[in-house]
Amino acid sequence: MRFLKNVLFAAAAAAAAAGAAGAAADEEKMKMNELPTPCVTVEGITEYRLPNGLKVVLYPDAAKPTATVNMTYLVGSRQENYGETGMAHLLEHLMFKGSKNYPNPTAEFTRRGFRMNGSTWLDRTNYFVSFTATDDNMKWALGWQADAMVNSFIAQKDLDTEMTVVRNEYEMGENKPLSVMMKRMQSVMFDWQSYGRSTIGARSDIENVEIANLQAFYHRYYQPDNAVLTVSGKFDEKKVLGWIAESFGPIPKPTRTLPKEWTVEPTADGEREFFIRRKGEAQLVAVGYRIPSALSDDYEPTAMAADILADAPTGRLYKALVETGMASQVFGWPIAAQKPGFVMFGALVKKGDDIEAVKTKLVDEIENAFARSPVTAEELNRQKVDQETMFERTLSDPEEFGVDISDYIGLGDWRLFFVDRETVKAVTAEQVDRAAAKYFVRDNRVVGLFVPTDDPKRAEIAPAPSAEEVVSRYTFSAKGAEVEAFDASQDNIDRRTKLVNVKGVKMALLPKQTRGGTVVVKMRFNVGDNASLARSTLPLLASAMITRGTKTMTRDQIEDAFTALKIEGTPFSFTTDREHLVPALKLMGELFTESTYPQKEFDTLLQQTIAGFKARSDEPSTKGRDAISAHFNTYPKGDARYRELLTEITADLEKTTLSDVKGYYDRVFGLEKGEIAVVGDFDVDEVVKALEADIVDRKHAAVPFERVVSEYRPVAPARFVIDTPDKENAMLFARVDLPANLADADMPALITADWIIGGSDGLSNRIVNRLRQKEGLSYGSGSSITIPSFGNRAKWSVGAIVAPHNLAQAEKSLKDELAKAFRDGITAEELAEAKKGLIESRAVNRAQDGLVASNWVNNLERGCTWKFSKETEEAIEKLTVEDVNKALRRFCDPTKLTFALAGDVKKARDAGKDFTKE
């Protein structure tokens, strides 16, 4: 093999350098262009290998007219060295800046309507694109991935702007108590192992990393023998294998050797505790423990113990802390990693309450609950069914599988997905009890300072086995499920959908084969009038209370019913499968009609809701949005069209009683009028019968439904500055209202203009290009236009996340960019790319069953079909530059916009960049 590797490398290098070769080199070149060799097939998913070491995983599924190309590199924050923290993530950003033969990929993503992203984690980095399944799109995506692997620019000029973008992302995390807690937990948890470093990295490393270090990191790890290419969705396997050979085959197998890892974290020898002291409106206590690698036999029992403790509302921590009123929320997350990782539990505590008492109770429940009361069969089965549903849903969606499989690839082998599925099924209650007793112990705990002890309780963590060893224990099935190749065109959606009207409730029923027999249900009931809908807190709490208890079921029993029926979502919007759909609808009928609104559950819900609102009340995003909303409140308080501010909602919640909420449910909520859409694998007649028997018209409202419609009223432009002390991140908002309705002739021009200015997917529109790509001011920015179906109050909004010291420049740059667009308009090239990107993006959306169901609900409410969508796209295709410029000038004048700037004034002034004055 060494000889073959060297010959292939030499042949490729010679071909690239000289363009000529003898008979032997020609033979080797042919080998490089041979189709990848199949290695193993599991449930219809096949792995191939190229001579250069690249692994290729193909998951063909023609159910949707989309495909996904995902490249996973076996490198994450774990491989970073001192002074280079965050480098794997920073490199992820730079990879989208272009390569030799694909110099501007983000613009091409937008032009083609691609959905794209990348992510960095402990053990891996991945990049994916999802798109309408055409040969041209697929070939372009594979070519881009291959070129990015070896020819990415990784240039200083791109680092100069992207560094500030990544730093802005870091600052965004610093605003969130839970994000800060997670970083600190990792750093205190590990003394030497690299999992002690957050993936985002240290601020100083982000700001000062040398381009040479990034380039070296790229050349070392971004190579075919350290990567796995996954292609899923609708595609021709033979063609794709040929294109893969053509794009990736010429890349030589590297001769470098990857660095060895020899650092092993010593066994913990005492509990630790740390404090974070920052401004905020809620307290948070967290408890962490180191646990085995995800490849270890002990991992799943340990993770299962964490889930049994932290699940809500059935988990033991919820019962001990939330139901007793000590905490408003609890959580627990086991981190699956290739090396020994960790689990973190936590509780959100009301400001001013005794956090020490909560800490004591939390620790006691984690470390002693299983000793006092071993795991029950009910608890274990609940978690197994939840995870079984998760595995089924992931496998049923090729796009989700194609991207999520990166985490298993990061552990060492994509087939670990199936190993994990079978491992979960085999976990016993005794294994869970034993794992909790072994790892959830005092000396392995992180909540306190180091305390010497004569009675150590140490948790020895065994080395992780290899992925090959774990995989070798299992026998895999090579056969996968077959599903329908569904045509997601508007004409076919209309043709395949049965429209029914049952007692005033309109239904759109679209049966089709789906992987795993999945089916999506969306229900909207039209209730209330202006007076009864004036307090937004009442429908908010009333809808949440529906799942808190009925005449025959407790909240726990309802939660268990959701698990047993494989329901994901809410009573109004959920996913299940063909087998469980009818009983799921019967359950929803009981929730809608037999809810009892228990006082204890209401008290818990109210506490959780108030705590959640208060926790984000000092965020720049909250304060900025509220300033904008207050200015655009053209209707008085007491009118349903008045937009309540967070402080007003919180104050109203604090005086809301169960009687108020129950009164809303009794008088206002009804099932007489509305829209229901069902999309997926089901029998139409069975579903209509079930809906009529259990839901439709089964509850009548005393208050007749009267649609509340907002009319356009002019609002003068203004500028608001909101100080948010001690917040690392800042927000820039802008808004203007305009008279418009979806039925208007210029609606297609309005949405196209917004797409060009800031509303497009991905990283290529005028606002993103200016604030992020060119100037590096914002991690996330863009615009959206909201056009109503009823009434004519439309709005165009802009938002950007920035650092406080960049807020003034961001405002200036945004105004300048909008002024240019208003003055000069768009170009013919921009319009052509927008037409293609917008229409392709809408096509991708039509391949998502949930979005199809949601749009059917909207169509039913408006009294139209998908013909309206088709006509909209036909109108977009006919738009001229003049049409779009005319529409653009209805909202893009910066002198007519209202701006809100929310950030830490002191931080900005200290940096010499005061944003309080224009």
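What does the accessible surface of the protein chain come to, and how much of it belongs to carbon and sulfur atoms? About 37200 Å², with 51% belonging to those atoms; the areas come from the Shrake-Rupley method with a 1.4 Å probe, and for residues only the protein chains shown count as cover.

A word on the source, everyone. This is a predicted model, where local features need pLDDT of at least 70 and side-chain atom pairs count only at pLDDT 80 or more, while totals for chains, interfaces and linings use all residues. Residues are numbered from 1 along each chain as its sequence is written, and side-chain values use heavy atoms, leaving out hydrogens and water.

Of the 918 residues, 57% count as buried, meaning under 20% relative accessible area, with exposed over 50% and partly exposed in between (1.4 Å probe, protein chains only).

Now, salt bridges: a side-chain nitrogen of Lys or Arg within 4 Å of a carboxyl oxygen of Asp or Glu. The count comes to 86.

Take Arg772 and Glu162, whose closest N and O atoms are 3.0 Å apart. Arg772 sits in helix H29 and Glu162 in helix H6, 610 residues apart; helices here are DSSP runs (H or I, at least four residues), numbered from the N terminus. Both of these residues are buried.

Next, Arg167 pairs with Glu207, also at 3.0 Å, N to O. Arg167 lies in helix H6 and Glu207 in helix H8, so this bridge ties together parts 40 residues apart in sequence. Arg167 is buried at 13% relative accessibility, whereas Glu207 is partly exposed at 28%.

Note on methods:
Helices (H or I, at least four residues) and strands (E, at least two) are DSSP runs, numbered from the N terminus.
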